[in-house]
Every structure is written in structure tokens, then in C-alpha cells.
Amino acid sequence: MNKTPYTPTELRNALTTLYGTHPTTHIHGASDPNHELSTLQIITATVFLDYEAKQSASATENAQDAPPPTMDQLLHQFQQFQSLHGPPLNLTEVIASKHPSMCLAAEFKRASPSKGLIASNDSDAASQACLYAEAGAGVISVLTEERWFMGGMEDLRRVRLATQEKLGGARPAVLRKDFVTTKYQILEAVASGADSVLLIVAVLPLEILQELILYARSLGIEPLVEVHALCELDVALQADARVIGVNNRNLHTFELDLGQTEKIADELTHRGIEFHPGKASEKKKVTLCALSGMSNAHDVHRYRSIGVQMCLIGESLMRAADPTVAIQGLCLNPDDYASSLSSAGGAYTSGLKLIKICGLTRVEDALAACRAGANLLGVIFAEKSKRKVGVAEAQQIVNAVRKFGERSDRVVVEVESTGNNGKYFVPIILSCCKQSGLGKSGTSSSCCWSVLEPTTEIHSTNG
């Protein structure tokens, strides 16, 4: 595939072609035809144009690559796949079957627009998916977009076949995560073994969304319909979405707000729409999911407590040295979460190793440590140290780490002493730039801590 970027005019024209005469009032920039396209819109338009380019190239006499399959051919492939490997799973039923545990949608992706490279290009989707599934993931999300996420349809197919071979009837559902705007992409997904596809309301007019949802259901799959803003929730509900995922990240700006799922949950409650698991109701009911930004057991519990039934987690699992241990640490079962709090003061998986990189003096080195998966970062203020930094330098490092973690401020925590030789258990992670103190402990420290992942204990530096 030619990966030359398209011009702004080509991208705008692609969106105009896609939307046609459909109302687009909920879509970013709808009132200003000259607005600057967001990254989400650029990716969506690029994917749309790439599919058109493949079709056009196959129609030329000098085409070197095999032509993409037609709709009829894809339908035949889907039927063959079903006869060999069975029908798709029902996403709603898969999620509900995990109750009272949180259903985990574990994601495979090699890169992203906001973080760049996350895993090597030769990372194996099938083996990673099997680790996820064996550790308890109910859904495997597979990025199939090629340019920004370095994925492909072959990843999806291999994930479906590998997890089915490994787990048989207990296999997880497989989600195609991409920028889907056409029936062709949905049929392409099920022909490769997908049980669901992601439909992003932010780039789909209501009429197109309705059409795609109905087409997906005609093939036996229930789509995951993604919203972020309340106006997008309006569109999803009008389109009769049954599984609604709240992306905590605004894909136009890439800003992250973990409270966005709670805002959508509050709005559903206000409208009298039931979404809590296990509750029989005559009201309209949807399955509510949280997407993006979660990495630990406290995030999972936060959403479980408001009725969310599935959390989609990707980057932290892709970066984890041991995905199985990382998933155990999420405490998907509420009993595991409660037990971890009572026994250790904070959710923690026994045996988990935490890596601290200290003595950082440059932003570049701090970000390299982040990408490598460090759990703790430190800078030194001690006057006699060769690696001493000033407050301004330390603040630059902290700001860069927060930006990497998509936070704008420190995370406020309670630090509780266990009375056990100066050991302090921390239930949630903090990011601070202080020369003195870890909250209530009264200890002093020469390090500036910027914590990226859950930890369970911090020892007093005063012995």
C-alpha cells in the first residue's frame, strides 16, 4: 500500500464524500467547513481513501497486487469461516457472562498516534492474545489500522484462530478496532473471524451509524459503539446502540479525562436508561463500557462501582513485562479487589517487580524510561550528588512524565502507615515534585517521585 500522506484537500473531500448530505451537527467542525481537521478526522479520511485506492488500483490493467475481494467474495469467505470455526459470539452475552467480575477487553496494538511505537513491529498478535485470554480477558481488541497503529487484518484472523485453538468454546470475543465507516469493512472483519467491530460516533452521521449497526446485526454480530461527548450519546441512543463504550480520551484533542465515563453513566441514569449488570428492568437497557486510560485495579473498581461492565485496556498491557501478572493485578473479580485491600493496604499482585529509575537529569531520559516500562522515576536534589537537578529542571521532567501519562496534575492519595517498621502502603499512585514528604508519613526524601504504575509500598528514607 502506498503510505504517502494525502493532502488536506484530499482528506476534506474524502469526508465530504463519506458524509454526503447526512446531517453532521455532532461532528467536530461541522459548522465550519474550513476548520482544521483533527487527528481522528485525518485518520478516518485516510483509511477511507486507502480503501478507495486499493479498489482503484485493482481495476487497472497494470495492477501488481491481487485485487481486494468483492462484497460477494467476502460474504462467501464469511460463510466458509463460519462452517469451519463456528458463528460469531454475542458481545453482549460475553460481557454479561463475566458478572460479577469486570469483563476485560485486552487490546493488542503496536503503536498509537499519541504514544508512537509501543511494541516492536514483529510483535505477535496471536501469542499475546492467548496470554490475555488465559489470564481472563473476555474480549480481545485488535487494532487493524495500518499507518498509525501498525496493525492488519491478518492479526485479527490469527488472534481468532489461535484463541479458539487454545480455549475452544471458552474463547474470548474478538473485536476489530479500526476506523470503520463502510459495510465492506464490517464484512471484511467477520470474514476474518471478528465477533464485533468498533463504530465511532464522532466520525459517523446518525443515518450511516444506523445503517452500519443494522448491517452488523444482519451478520450476527453486535457492534461496540463508541462515544465521548454527551451529544454523541444522543446519536448512539437514536441509532439503537446496545453496547456503548465511553472513550475517556477525546480523539480530536487526545486529552484524557477518566471522569468522562461517569458523566455518561450519570446521563444514562438521568434519562432512565438501565445499564447496571444483573438488574432486570422494563426500561431501555444498554451495556456500558469504559475505554482508554485505565491501567490498574483502582481504575477497574472505580468503574465497576458505577455499573460499568467492561473495561478496555491496551497500552499498559502491551508494555507489561508479564501481561498475565498485569491482568491479575487488575483484580477483575470484586472479591479479589477487596481481599487485596484488606491484606496489603492496596491492590497488588504478589511477586510483582517494580522498577525505579533514579538520578534522571533530562526529559529525554525520563521519556525513554517511560516507554521502557519503568514504574517509578526519580530526580535528585541532594547538593553533593553529581546528578543533582534544580527545581526548574525537575519540573520539566515531571511535566513531561505527566504528559506521557496523559495527566495534568498529581494524583492525590492517602498514605496509611501499617505500623510495620516504617513501611507505608499507597492505594493509588502519586506524581509529585517535593523535597520533603510523602503525604502523612512525615518522612523526608531527596527524590522527586513520578509514579507511572501501581505500587504497594514506599519505605521511609529515615529508616
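Predicted model: local features only at pLDDT ≥ 70, side-chain atom pairs only at ≥ 80, totals over all residues.
Me: How many helices and strands does the protein chain have, and what percentage of its residues count as buried?

Reply: The protein chain has 16 helices and 16 strands. Of its 463 residues, 51% count as buried. As for contacts in the chain with a separation of 6 or more, 65% of them come from residues 24 or more positions apart.

Me: How is the length of a helix to be read, and what span should α1 have?

Reply: The expected span of a helix is 1.5 Å times one less than its number of residues. Helix α1 (residues 8-19) has 12 residues, so it should span 16 Å; the C-alpha atoms at its ends are 17 Å apart, which agrees.

Me: Which residues of α1 are buried?

Reply: Burial is judged by relative accessible area, with under 20% counting as buried and over 50% as exposed. In α1, the buried residues are L11, A14, L15, L18 and Y19. These residues lie on the same side of α1, because they cover an arc of only 120 degrees around the axis. Exposed residues T9, T16 and T17 are carried by the face of α1 turned away from its buried side.

Me: Where is E10 placed, and is it buried or partly exposed?

Reply: E10 is in helix α1. Its relative accessibility is 37%, so E10 counts as partly exposed. Although E10 and L49 are 39 residues apart along the chain, their C-alpha atoms are separated by 8.5 Å.

Me: How is the packing of two helices to be described, and at what angle do α9 and α10 pack?

Reply: Helix α9 (residues 230-238) and helix α10 (residues 260-270) pack at an angle of about 50 degrees, and their axes are 11 Å apart. The two helices are therefore oblique to each other, and α9 passes α10 in a right-handed crossing. The contact is formed by L230, L233 and L237 of α9 with K263, I264, E267 and L268 of α10.

Me: At what angle do the axes of α8 and α9 cross, and within what distance do they come?

Reply: The axes of helix α8 (residues 206-218) and α9 cross at roughly 45 degrees and come within 9 Å. Helices α8 and α9 are therefore oblique to each other. Their crossing is right-handed. On the α8 side, L206, L209 and Q210 meet V235, A236 and Q238 in α9.

Me: Which residues have a positive phi although they are not glycines?

Reply: Among them are D240, with a phi of about 65 degrees, and C331, with a phi of about 50 degrees. D240 lies in the loop between α9 and β8 (243-247). Its relative accessible area is 30%, so D240 is partly exposed. C331 lies in the loop between α13 (323-328) and α14 (334-344). With 4% relative accessibility, C331 counts as buried.

Me: Is the peptide bond from H99 to P100 cis or trans?

Reply: A peptide bond is read from its omega angle. The bond from H99 to P100 is cis, with omega near 10 degrees. P100 is located in the loop between α4 (91-97) and β1 (103-108).

Key. Residues numbered from 1 in each chain as written. Heavy atoms only, no water. Helix = DSSP H or I, 4+ residues; strand = E, 2+ residues; numbered from the N terminus. Buried < 20%, exposed > 50% of the residue type's maximum accessible area, 1.4 Å probe, protein only. Arc of directions from axis to C-beta. Axes fitted to C-alpha atoms, helices over the stretch in contact; angles between N-to-C directions. Parallel < 35°, antiparallel > 145°, perpendicular 65-115°, else oblique. Left-handed = near helix turned anticlockwise from the far one by under 90°. Contact = heavy atoms within 4.5 Å.
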